[in-house]
Amino acid sequence: MDEHSTPPRRPRAEPEIIPPGAEPRRKRDTSRVWIFTNSAGTQRTVFAKPGLFTLILGALVLGALAVATAVLVVGAFVILVPAAALLVGTLVLASLIRGYRRGV
């Protein structure tokens, strides 16, 4: 066997053995994020289910982002369409004036 091999790791947690007929424990339902740091410096993050307030707040933020994006797109369209029309009109007028100067 290789001398530099590492010994097998022990499981981080012992498995929970539930006897037959017993009800399994329910996990607590929290609306927080917990970050645990052990002595070795590694971290474990636990994400809980979001609550009603979190869902409503998330929907409001997504809606505000959608409205802001729509306003920017419509604003760009409102500004660029007249600018493009002005540019095309200027080019047409310039070509007409240039044609009259040549005597066509």
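**Confidence of the model**

What is the mean pLDDT of the protein, and what share of its residues reach 70 or more? The mean is 80, and 72% of the residues reach that level; pLDDT is the predictor's confidence in each residue, from 0 to 100. This is a predicted model, in which local features need pLDDT of at least 70, side-chain atom pairs count only at pLDDT 80 or more, and totals for chains, interfaces and linings use all residues. Residues are numbered from 1 along each chain as its sequence is written, and side-chain values use heavy atoms, without hydrogens and water.

**Fold**

The protein has one helix and two strands, arranged along the sequence as β-β-α. Helices (H or I, at least four residues) and strands (E, at least two) are DSSP runs, numbered from the N terminus. Where pLDDT is low, the predicted coordinates should not be read in detail.

**Exposure**

Buried residues (under 20% relative accessible area; exposed is over 50%, partly exposed in between; 1.4 Å probe, protein chains only) make up 0% of the 104 residues. V61, in helix α1 (residues 52–102), counts as partly exposed because its relative accessibility is 45%.
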